[in-house]
There are 2 protein chains.
Amino acid sequence: MSRDPNRRPGWSAGLDIGGTKVLGVLLDGGGEVRHTVRVPTRPGASGVVGTAEEVVRRLCDEAGLGVDDLVGVGAGVPGLVDPATGTLSHAVNLGIHERELELGGMLGARLGGVRVTVENDLNVAAVGAARVLGLSGDLAFLALGTGVAAGLLLGGELRRGRRGAAGEIGHLPYRPGGPACPCGQRGCLELYASGAALDVAWPPRNGRPAAADLFAAAAEGDPLAVEVRNGFADAVAAAVRLLVLTCDVEHVVLGGGVADVGEPLLRAVAERSHGQADDSPFLRSLAVPERLRLVPRDQPVAPIGAALAARARVAGGPRTVVV
Amino acid sequence: MSRDPNRRPGWSAGLDIGGTKVLGVLLDGGGEVRHTVRVPTRPGASGVVGTAEEVVRRLCDEAGLGVDDLVGVGAGVPGLVDPATGTLSHAVNLGIHERELELGGMLGARLGGVRVTVENDLNVAAVGAARVLGLSGDLAFLALGTGVAAGLLLGGELRRGRRGAAGEIGHLPYRPGGPACPCGQRGCLELYASGAALDVAWPPRNGRPAAADLFAAAAEGDPLAVEVRNGFADAVAAAVRLLVLTCDVEHVVLGGGVADVGEPLLRAVAERSHGQADDSPFLRSLAVPERLRLVPRDQPVAPIGAALAARARVAGGPRTVVV
């Protein structure tokens, strides 16, 4: 293992820590992915920290690096994060029942003192999407998964908000007085624009995900599938309009599990977004559909963004994330 | 007139250029308002520029300053602004029918070369409100006037967005399928949460503004007034929730013409905001009502913010507005 800091300048590791797996990438000094490692997540606080450590060590091993050759490690996690301290809370998906986990400090200590940057997973996905798609300008990463929420990259910085609620658009009303949402409100956007909503509206069959099955059936002209797809795309287009009329982001990247559908998703949402502006010169002037992008399926944007955030933090202090 | 730049260091002038009047303030180096001038707006491009020039010159005369003693002049205007060039477009309220007005350049030239910073009026109101109310942290200035829109101050910087659409929440749907909005969509928030909406729901009588009359009648127990007031406050509370669940601003300052109602407006909106979270632990955890503030009636936040923006721009470059 090299201990020469000049041999591999600027290398960093990024992790996407999820409930089922930890996906890690190793970026070289130019920001290119050089190695990828995936390990099932062991539950609980020590399991999560241990899995993360294992991924970082395996990435370094594959590159012939020592951990202390890294300029930093970034970790994207579901839940509320205090980026200043690397503390994670409300991470029930990770099987963490403690109120808080000092993830940054614990992982850094296990890795011999390397600096660990912890961020919300949607935020690092926004950073990674900007890099992978080569997009400059303000960007929202709109995750269509179990829930609906956005990571926001504004003015080159991550928008975290006062209590980590920035981008929590899934719990804004879409159909006032609609069905009850688990959050306690009614008619939330999440009940219409999420992957979980599709599972209800188009129960999975044929052994493939609801979204893939729905879009395939709609493409074949099944009238019910067309109706369900269009209703879903309307709700996603409403989410996009919401991001534009609040933050005026230049790009909205569709991501999350539903984005595995690929181009047909992008086309359906763009079409409904055009339709929403049919009668509104004001909305047309904002060119909402032209702002849509699709996350690439072959590039793990969240761990890439985590690695970039770690590197930028080392270079620019805790607030600055330069993509 | 003094020409000694050290005699009054850091003085700046700020203008709020509206369709009926130009309101100007002169700030001393400590950011305190030292003089105020109000002049009816003369219509058209040369009228607007001439009125603005007159206000700046009168402010300087009152203080015994020369215009070239100012570190800068800031102008808040309704319409789309390119802050880099000081160019204003879509300013129909000012009687400007040219496609664009080089307001910054023209006013600067008339004032002997002083630097003029042009910003959207809601953005400078956000800056001014932060200063006047002594608020640090991210802030939205929610203007409840003819329309509904917000000026956003995030991370110490104005959020302008790609096409000046940041904060244009008045044209998000509040009642899907509701009545037609002049923007071409249906059921927009602006039809429920604006001063114009109150004029329709509670036609002015007794010679006073609809909002004042409505809130007075509701306070006296008029059942219809209570119903109209609560419906209005519900819509405003929805706007506040929208700002929190997208940008997670720490403060939402209620401003615009309707804010002349004062504390009863703040109480009504806070009460409806509490009610919206009654069944939602998630929403309660975000403490939305606690983020509400009321713009002070005795301090002109827009011209104060314009003057501060001008000063910060001189000190910190075009992007930085430090409050």
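The following is a short exchange about how features of this predicted model were assigned.

Colleague: What are the ground rules here?
Modeller: The model is predicted: local features need pLDDT of at least 70, side-chain atom pairs count only at pLDDT 80 or more, and totals for chains, interfaces and linings use all residues. Residues are numbered from 1 along each chain as its sequence is written, while chains are lettered from A and ligands numbered from 1 in the order in which they are written.

Colleague: What makes residues 263-276 of chain A helix 8, and what span should they have?
Modeller: Helices are DSSP runs of H or I with at least four residues, strands are runs of E with at least two, and both are numbered from the N terminus. Helix 8 of chain A has 14 residues. The expected span is 1.5 Å times one less than the number of residues. That gives 20 Å, and the end C-alpha atoms are 20 Å apart, so the two agree.

Colleague: Which residues of helix 8 of chain A are called buried?
Modeller: A:Leu265, A:Ala268, A:Val269, A:Arg272 and A:Ser273. Buried means 20 or more other C-beta atoms within 10 Å of the residue's own; exposed means 12 or fewer, partly exposed is in between, and C-beta atoms are placed from the backbone.

Colleague: How do you know where these buried residues fall, seen down the axis of helix 8 of chain A?
Modeller: The arc is taken from the directions from the helix axis to the C-beta atoms. Here it is 130 degrees, so the buried residues line one face of helix 8 of chain A. An α-helix has 3.6 residues a turn, so residues three or four places apart point the same way.

Colleague: What do the buried residues of helix 8 of chain A pack against?
Modeller: Helix 6 (210-219), helix 7 (223-247), strand 12 (251-255) and strand 13 (292-294) of chain A. Contact means C-beta atoms, placed from the backbone, within 7 Å.

Colleague: Why are strand 3 and strand 8 of chain A said to stand at the edges?
Modeller: Strands pair if DSSP finds at least two bridges between them. The open sheet of chain A has five strands in the order 3-2-1-4-8, with mixed pairing. Strand 3 (33-40) and strand 8 (116-120) of chain A each have a single partner strand, so one side of each lacks a neighbour in the sheet.

Colleague: How do you know that strand 1 and strand 2 of chain A pair?
Modeller: Six bridges join strand 1 (residues 12-17) to strand 2 (residues 21-27) of chain A, and the definition asks for at least two. These strands run antiparallel. A:Ser12 stands opposite A:Leu27.

Colleague: Why is strand 12 of chain B called largely enclosed?
Modeller: Five of its five residues are buried, so strand 12 of chain B is largely enclosed by the rest of the structure. B:His251, B:Val253 and B:Gly255 point one way, B:Val252 and B:Leu254 the other.

Colleague: What partners does strand 12 of chain B have in its sheet?
Modeller: Strand 9 of chain B pairs with it in the parallel sense over five bridges. B:Ala143 stands opposite B:Gly255. Strand 13 of chain B runs parallel to strand 12 too, joined by three bridges. There, B:Arg293 is the bridge partner of B:Val253. The open sheet has the order 11-10-9-12-13, with mixed pairing.

Colleague: How many residues make the contact of chain A with chain B?
Modeller: Chain A gives 34 residues and chain B gives 34. On the side of chain A, helix 7 and helix 9 (281-285) give two or more residues each. Helix 7 of chain A has the largest share, five residues.

Note on methods
Two residues are in contact if their C-beta atoms, placed from the backbone, lie within 7 Å.
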